[in-house]
Amino acid sequence: MDFSELIAQVTRPDPPKELALQLLQRSREPALALQLFAAASKIRDETMGKTLWWSAGISSMMPCRVEPLCTYCTYFTVKSFPLDELVASVKAIEDLGIRHLHLSGGTDLAGYDNELCEAVNAIRDVSSIEIEINLGPSLTRNGVRRLKQLGVASITSSLETFNPEIFAKAKPGDSLDARKALIEMCQDEGMPVRSMILVGLGESEADRIDHLYWLLQFPRLYHLRFSRFMPYRGTSWEDHPRCSPWEVARLVAVARLLMPHVDLGLAAGNSPDDIPLWYAAGGGNQVLGASVSMRQGRVKAQPGETVIPVTDRVSLVSRMGHIEQFVRGLGRDIGSAAPQLR
Ligand code: SF4
């Protein structure tokens with residue numbers, strides 16, 4: 001089939017999975033990928049508009065209690081983020097003009113319902129910032145309901161990889177079924193859902209397409225983020241290849257055709273340098289302007305970053321100027337308002 005006809009077929013409602021896989025496979029050829037990216041970007045502009053929007057992240061919220069820990073991970077923490085420092089961090093994020101925030105990490109399969117409600121309540125006492133929660137499958141159905149009542153904007157459940165064998169190798173103490181169940185639970189409870197795909201753990205292109213098609217059944221999915229595998233020294237994955245940005249960009253473009261109204265973002269393993277290719281491939285429209293974690297209190301600013309001390313131990317790292325420059329180079333602007341979540 002002619003490649004432009006293949007793009008047209010996959011753009012129609014409910015395209016056969018085999019055609020989406022063929023599109024992904026054939027887009028390895030750069031000349032064909034450019035055609036796919038143009039179609040995906042046009043859809044993004046039509047469905048989501050041309051203005052990007054800021055979010056910020058506070059990571060390492062709770063101790064990660066999966067046992068054993070994920071075999072690729074070096075960023076788990078063993079302490080909770082103190083509430084007074086959490087509140088101070090939120091105020092510092094608001095001072096940057098950001099109105100949207102996600103709280104993330106770690107995971108406890110036994111549940112963090114009470115701890116998360118306490119954290120959200122503490123933030124709500126001082127701020128009406130939009131809050132998203134991403135702590136893996138650490139919530140019961142009752143926890144989802146309580147967070148919804150507290151006005152939480154969405155809950156994230158990252159499957160990371162849809163291949164069960166690779167999931168078991170990478171995340172032996174975690175549960176793919178529990179991560180899927182949390183998405184199903186949010187859908188039932190009317191809670192908007194975010195999810196993430198970790199590209200480059202060794203999954204096939206067919207696995208990636210299966211992953212997208214499984215997510216397509218959830219109308220409450222409003223944001224899907226793409227991580228790019230980074231091998232860390234000292235983990236059992238240190239010799240596994242770094243994922244190419246080309247793999248992420250092509251998958252984002254196919255995802256855009258399949259889920260035109262879903263915000264398709266960049267997650268761990270990507271940097272501001274990845275923004276132009278991601279955007280050209282149909283990604284958009286959220287960008288992460290600033291992040292906080294306890295560990296960042298001890299690190300120096302990288303080029304393009306501004307470090308803002310929040311407390312003795314906590315710093316806010318802003319990349320807003322750097323990202324704004326890159327986005328302006330694409331002829332686009334960034335606003336502060338988050339779109340209305342579905
Ligand atoms: S659940 Fe997240 S924080 Fe915990 S070990 Fe796995 S990747 Fe690291």
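**View 1. Contacts of Ser55 in a predicted model.** Leaving aside neighbours within four places in sequence, Ser55 is in contact (heavy atoms within 4.5 Å) with Ile98, His100, Leu101, His102, Gln286, Val287, Leu288, Gly289 and Ala290. Ser55 lies in strand β1, residues 51-58; helices (H or I, at least four residues) and strands (E, at least two) are DSSP runs, numbered from the N terminus. The relative accessible area of Ser55 is 0%, so this residue is buried; buried means under 20% relative accessible area, exposed over 50%, and partly exposed in between (1.4 Å probe, protein chains only). Its side chain makes a polar contact of 2.8 Å with that of His100. A polar contact is a pair of N or O atoms within 3.5 Å; within protein, one must be able to donate a hydrogen and the other to accept it, and residues adjacent in sequence count only if both atoms are side-chain atoms.

The model is predicted: local features need pLDDT of at least 70, side-chain atom pairs count only at pLDDT 80 or more, and totals for chains, interfaces and linings use all residues. Residues are numbered from 1 along each chain as its sequence is written, and side-chain values use heavy atoms, with hydrogens and water left out.

**View 2. Helix α9, residues 205-215.** Nine of the 11 residues of α9 are buried, among them Arg208, His211, Tyr213 and Trp214. The buried residues of α9 pack against α2 (17-26), α8 (176-189), β5 (193-199), β6 (221-228) and α10 (245-258).

**View 3. Helix α5, residues 113-124.** Buried here are Asp113, Leu116, Cys117, Ala119, Val120, Ala122 and Ile123. Their cover includes α4 (83-95), β2 (100-104), β3 (130-134) and α6 (141-149).

Technical notes
Expected span 1.5 Å × (residues − 1).
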